[in-house]
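Here is a friendly walk through the model you are about to open. Keep the viewer at hand and follow along, strand by strand.

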Amino acid sequence: MTVLDASTLPDDTTSHAALASQNLDYGRVATDDRAAFVAWLQADARGFHQPRSTEAQLTESVEHLAERRTTGVWDATIADASTPVATVSSWVSSLTVSPERRIPAWAISSVTVAPTHRRRGIARALLEGELRTAAAAGLPLAMLTVTEATIYGRYGFAPAARVTTLDIDRRRVSWRGPRPAGRVQFADPATFAAEASAVSERAALRTPGAVTRPESHVRHLLGLHDPESESSRQARVVRYDDEHGELQGFAVYRVVRTPPSPGRVEFDELVAATDDAEAALWRFLLEQDFVGSIRAGLRASDERVPWMLDDPRAVATSSASDHLWLRILDVQAALESRRYAAAGRVVIDVDDALGLASGRYELVTDDAGDARVETIDAAREDAPAGDIRLGVGELSALLLGDVRWSALAAAGRLAEETPGVAATLDRLFAPERAPHLGFWF
Ligand SMILES: CC(=O)SCCNC(=O)CCNC(=O)[C@H](O)C(C)(C)COP(=O)(O)OP(=O)(O)OC[C@H]1O[C@@H](n2cnc3c(N)ncnc32)[C@H](O)[C@@H]1OP(=O)(O)O
């Protein structure tokens with residue numbers, strides 16, 4: 001897949017004009033201008049209520065985030081006019097929509113507005129600018145992970161993949177799962193980044209909702225962004241090589257401990273390109289000595305580990321929440337990208353306040369699971385009637401199959417025009433695996 005470089009696309013003129021009318025300057029940061037980029041990075045950290053970044057952290061970011069489309073808003077009237085009052089960054093990534101099927105997607109991050117400038121429409125201008133730019137560039141969808149679940153629905157985003165946190169009682173762990181023939185061994189984080197990225201990509205292809213992990217992310221995960229920090233020194237990396245010696249997965253974990261008590265294993269990530277890797281890494285993490293419990297965050301809603309233990313109640317779900325949010329920009333491309341569970345035909349009316357995805361669409365799926373989607377001019381005399389009407393956010397939530405059409409119908413979030421069509425769509429959209437994204441971006 002040829003990846004479009006988001007940083008080369010022009011600024012959105014509508015957002016530019018909206019902010020200019022408030023005497024605010026909207027534009028891109030020259031990421032090769034260190035002082036300007038550092039001011040943007042510090043504004044980003046401040047926006048998320050983080051401490052000021054250290055020189056080491058800034059150097060890492062300047063080196064590894066420079067490729068992103070990095071946008072800011074400046075107010076020439078404030079004392080520190082070189083620091084932006086708002087930030088956003090984006091890049092073209094890819095999203096797995098069905099096992100072995102991916103689609104390009106516009107990833108958005110670093111959305112902040114300074115507390116001195118909040119609630120005057122700056123975030124709206126940033127978000128709508130991102131969506132118009134992505135749509136004009138032909139991207140079928142945009143995606144993000146969010147701080148608060150109340151911010152992005154108004155722009156047509158909706159939660160499309162959930163995560164859970166699992167707490168596992170070490171004393172109750174008795175393994176009955178597979179015992180694959182490969183082996184788990186420690187890896188040196190300093191030399192593991194390239195292999196970690198490659199196996200992450202293969203793992204991502206297996207699961208709807210998985211996203212290409214940015215290189216800066218891999219570096220963070222392995223503690224390479226700040227190797228001397230406490231958390232980087234605590235991180236341990238294990239890899240799983242199959243019986244042929246081929247890398248098929250890895251996990252990053254730490255043991256947190258207050259002497260004299262036993263420790264708690266906390267894992268940052270478990271990446272598995274095969275079922276064997278998944279079982280072997282879970283077993284390794286659960287069967288540590290001098291450990292009382294295991295906490296695994298950002299795990300899938302259909303995690304298999306309880307089935308690998310004699311006592312499935314050793315695994316408690318301590319939280320479950322939305323994680324990946326999607327926003328369809330091109331209904332035809334988004335719906336045609338995934339695989340379907342059955343053959344069928346449904347006419348769908350989509351409403352989009354931003355006008356990017358509105359329209360009537362005929363979805364026809366075949367026995368092989370492939371789809372063909374046609375845009376229908378609803379004004380045409382012989383246009384087929386719509387079977388169901390919903391907003392672009394609801395369609396985005398339904399795309400990967402994380403929620404059922406009948407559930408959204410019952411929640412009053414869509415209108416069935418043809419009785420029973422939600423149940424038909426439930427069958428078509430049943431996912432091959434629960435959608436899951438295992439990291440923040
Ligand atoms: C992908 C990511 O980066 S997620 C990170 C999001 N950022 C953060 O959480 C950092 C802290 N928060 C902030 O920086 C700001 O509060 C932002 C970015 C969330 C909002 O910025 P603002 O410029 O104040 O938002 P803006 O004035 O454009 O508001 C637009 C709409 O969103 C609503 N809104 C804004 N922030 C919130 C919020 N936190 N919760 C609920 N609604 C909100 C406004 O009421 C307004 O609603 P309306 O236009 O539909 O009536």
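## Sheets, domains and a ligand site

Strand β6 (residues 158–169) and β12 run antiparallel and are joined by ten bridges. In this pairing, Pro159 sits opposite Trp325 in β12. Please keep in mind that this is a predicted model.

Strand β12 (residues 315–328) is also joined to β5, antiparallel again, by five bridges. Here Met143 faces Leu326 in β12.

Now to the sheet that holds these strands. Twelve strands make up an open sheet with mixed pairing, ordered β1-β2-β3-β4-β5-β12-β6-β11-β10-β9-β8-β7. At its edges are β1 (25–28) and β7 (183–186), each of which pairs on one side only. From one strand to the next, the twist averages 25°. Helix α2 (residues 34–47) packs on this sheet and touches β2 (69–74), β3 and β4, with its direction at about 85° to that of β4. Helix α8 (residues 275–286) lies across β6, β7, β8 (236–241), β9 (247–256), β10 (263–272) and β11 (291–299), and runs at about 20° to β9.

How is the chain divided?

| Domain | Residues |
|---|---|
| domain 1 | 6–156 |
| domain 2 | 164–324 |
| domain 3 | 330–429 |

The centres of domain 1 and domain 2, taken over C-alpha atoms, are separated by 31 Å. Their contact takes 17 residues from domain 1 and 17 residues from domain 2. On the domain 1 side, α3 (55–64), β3 (86–98) and β5 (141–145) each supply at least two of the residues that touch domain 2. Strand β3 provides the largest share of that side, six residues. By class, the side of domain 1 that touches domain 2 has seven nonpolar, seven polar and three charged residues.

UniProt, in an unreviewed entry, lists residues 24–180 as "domain: N-acetyltransferase". In the model, the end C-alpha atoms of residues 24–180 lie 59 Å apart, and the span is 25% helix and 34% strand.

Next comes the ligand. Which residues are the closest to the ligand? They are Val111, Val113, Arg118, Ala123 and Thr147, among 22 residues that surround the ligand. Both β4 (101–113) and α4 (122–136) supply at least two residues of this shell, and the largest share, six residues, comes from β4. Sorted by class, the shell around the ligand has nine nonpolar, seven polar and six charged residues.

A further open sheet has five strands in the order β15-β14-β13-β16-β17, with mixed pairing. Why is one side of β15 (371–376) and of β17 (414–416) left without a neighbour in the sheet? Both stand at the edges, and each has a single partner strand, so there is no neighbour on one side of each. Neighbouring strands of this sheet are turned by 25° against each other on average, direction ignored. Helix α12 (residues 421–429) packs on the sheet and touches β13, β14, β16 (388–391) and β17, and its direction makes about 105° with that of β13. Within the sheet, strand β13 (residues 344–351) pairs with strand β14 (residues 359–365) in the antiparallel sense over seven bridges. There, Asp349 is opposite Arg360 in β14.

Note on methods:
Residues are numbered from 1 along each chain as its sequence is written. This is a predicted model: local features need pLDDT of at least 70, side-chain atom pairs count only at pLDDT 80 or more; totals for chains, interfaces and linings use all residues. A residue is near a molecule or strand if its C-beta atom, placed from the backbone, lies within 6 Å of it. Helices (H or I, at least four residues) and strands (E, at least two) are DSSP runs, numbered from the N terminus. Ala, Val, Leu, Ile, Met, Phe, Trp, Tyr, Cys and Pro count as nonpolar, Asp, Glu, Lys and Arg as charged, and the others, Gly among them, as polar. Two strands pair if DSSP finds at least two bridges between them. Axes are lines fitted to C-alpha atoms, for helices over the stretch in contact, and angles run from 0 to 180 degrees between N-to-C directions. Two residues are in contact if their C-beta atoms, placed from the backbone, lie within 7 Å. UniProt positions are given in the numbering used here, feature names are shortened, and annotations may be inferred rather than shown by experiment. Domain bounds come from an automatic or database domain assignment.
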